[in-house]
Amino acid sequence: MNFYTHLEHTVNTITAQGETMLKPRQLLVATLVLCTAWSTKAQTVEKIIWLQSKTPPFHLPRTTEYPFAGLCDELLNQLITKMPGIEHEKLLLPQKRIHRYMNEGEKVCFPCMIHRNKDTHTAKLSIPTAVYPPFTLITTVDKRDQLTQVHGKPINLASLFADDSFTYGQVAARRFSGELQTLLQQTAHSRPAVLSYRADGESGAIAEMLQHDIIDYTLDYPYMARYFAKKYGNIRALETNLTQDLVRGAVGCSASAADSFAEQAISAINKALKQDVLENTNYVLSQRFWLAPYFTDFDAVYKTHVLKATDEQPPSTQDP
């Protein structure tokens with residue numbers, strides 16, 4: 001007989017023999033203890049289905065060139081290792097289907113979301129897991145000189161967005177915020193744009209469009225340019241004139257899933273992050289591998305924006 005069954009049996013036996021055996025205050029305490037015990041027992045997640053996107057370099061196979069796999073892969077591997085009492089399953093999906101799974105209330109979590117102070121209608125979010133550099137302009141070697149000659153160095157985005165002679169493209173799932181999103185919206189009526197809706201490897205599709213002159217530039221994280229520069233050779237990142245806030249990563253679990261799944265899962269995930277993952281040697285090395293080139297002192301930034309991060313910090317509304 002386990003603790004919870006024993007406790008329930010004890011209270012039931014005592015009350016069956018006569019409540020006079022316990023004073024009202026004692027009976028109340030025993031009942032509250034039993035209710036709390038059952039509540040604790042019930043609030044445990046048994047299985048997490050982990051969604052992974054077909055968007056390199058966020059998710060990649062582990063190779064000699066990429067010893068920690070993709071940007072979000074080591075985080076997922078560490079969480080699975082540090083939560084042995086939970087069953088884990090990985091599911092590789094296009095980005096659009098990931099959003100559908102999250103919105104439709106499946107019992108799923110996605111390790112590669114953007115941290116906000118408040119949960120969204122789609123996801124309940126973990127504490128910060130990573131800190132990303134600001135978005136940059138990505139183009140080809142051939143287009144780089146043309147862009148800088150017309151729109152300066154760093155690139156003046158307001159001027160570029162209004163220039164119909166250059167075609168902009170982006171992954172359909174990409175979202176921006178702040179001044180960057182405002183500039184895009186203000187010039188959308190006159191600026192030709194191409195969106196990649198390709199289900200398999202959307203980020204790769206954008207790189208291929210750059211290669212074949214279908215588009216002239218895109219906006220994304222600078223490590224995307226580094227990854228595709230290795231693959232294609234002529235992809236480059238250009239600094240823009242916008243001052244952007246750093247973006248923090250988080251794990252997200254479907255907020256509309258039944259049985260308080262998101263609350264249970266995020267509670268377990270946060271515990272593992274705090275106790276084991278965020279300072280784990282392999283995890284920190286993986287973050288340095290992908291992100292250190294874009295910070296003067298990555299370790300200090302990681303310590304400030306991840307290890308010491310609190311919910312009171314300003315939220316980010318950008319999506320990965």
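The model is predicted, with local features needing pLDDT of at least 70 and side-chain atom pairs counting only at pLDDT 80 or more, while totals for chains, interfaces and linings use all residues. Residues are numbered from 1 along each chain as its sequence is written, and side-chain values use heavy atoms, with hydrogens and water left out.

**Second largest cavity**
- Residues lining this cavity (an atom within 4 Å of a point) include I138, V171, S203, D220 and F228.
- Helix α8 (202–211) gives the most to the lining, with four residues.
- By class, the lining has nine nonpolar, two polar and one charged residues.

**Helices α9 and α11**
- Helix α9 (residues 222–232) packs against helix α11 (residues 281–291) at an angle of about 80°, and their axes are 9 Å apart.
- The two helices are therefore roughly perpendicular (65 to 115 degrees).
- Y223, R226 and Y227 in α9 meet F289, W290 and L291 in α11, where contact means heavy atoms within 4.5 Å.
- The residues of this contact divide into five nonpolar, no polar and one charged.

**L71**
- L71 lies in the loop between β1 (47–53) and α3 (73–82).
- L71 is buried (under 20% relative accessible area), at 2%.
- Leaving out residues up to four places away in sequence, L71 touches P57, F58, Y132, Y223, Q287, W290 and L291.
- The C-alpha atoms of L71 and F289 are separated by 8.7 Å, with the two residues 218 apart along the chain.

Notes:
Axes fitted to C-alpha atoms, helices over the stretch in contact; angles between N-to-C directions. Parallel < 35°, antiparallel > 145°, perpendicular 65-115°, else oblique. Nonpolar A, V, L, I, M, F, W, Y, C, P; charged D, E, K, R; others polar. Buried < 20%, exposed > 50% of the residue type's maximum accessible area, 1.4 Å probe, protein only. 1 Å grid on protein atoms, 1.4 Å probe; cavity = no way out; pocket = protein on both sides within 12 Å on 5 of 7 lines; lining within 4 Å.
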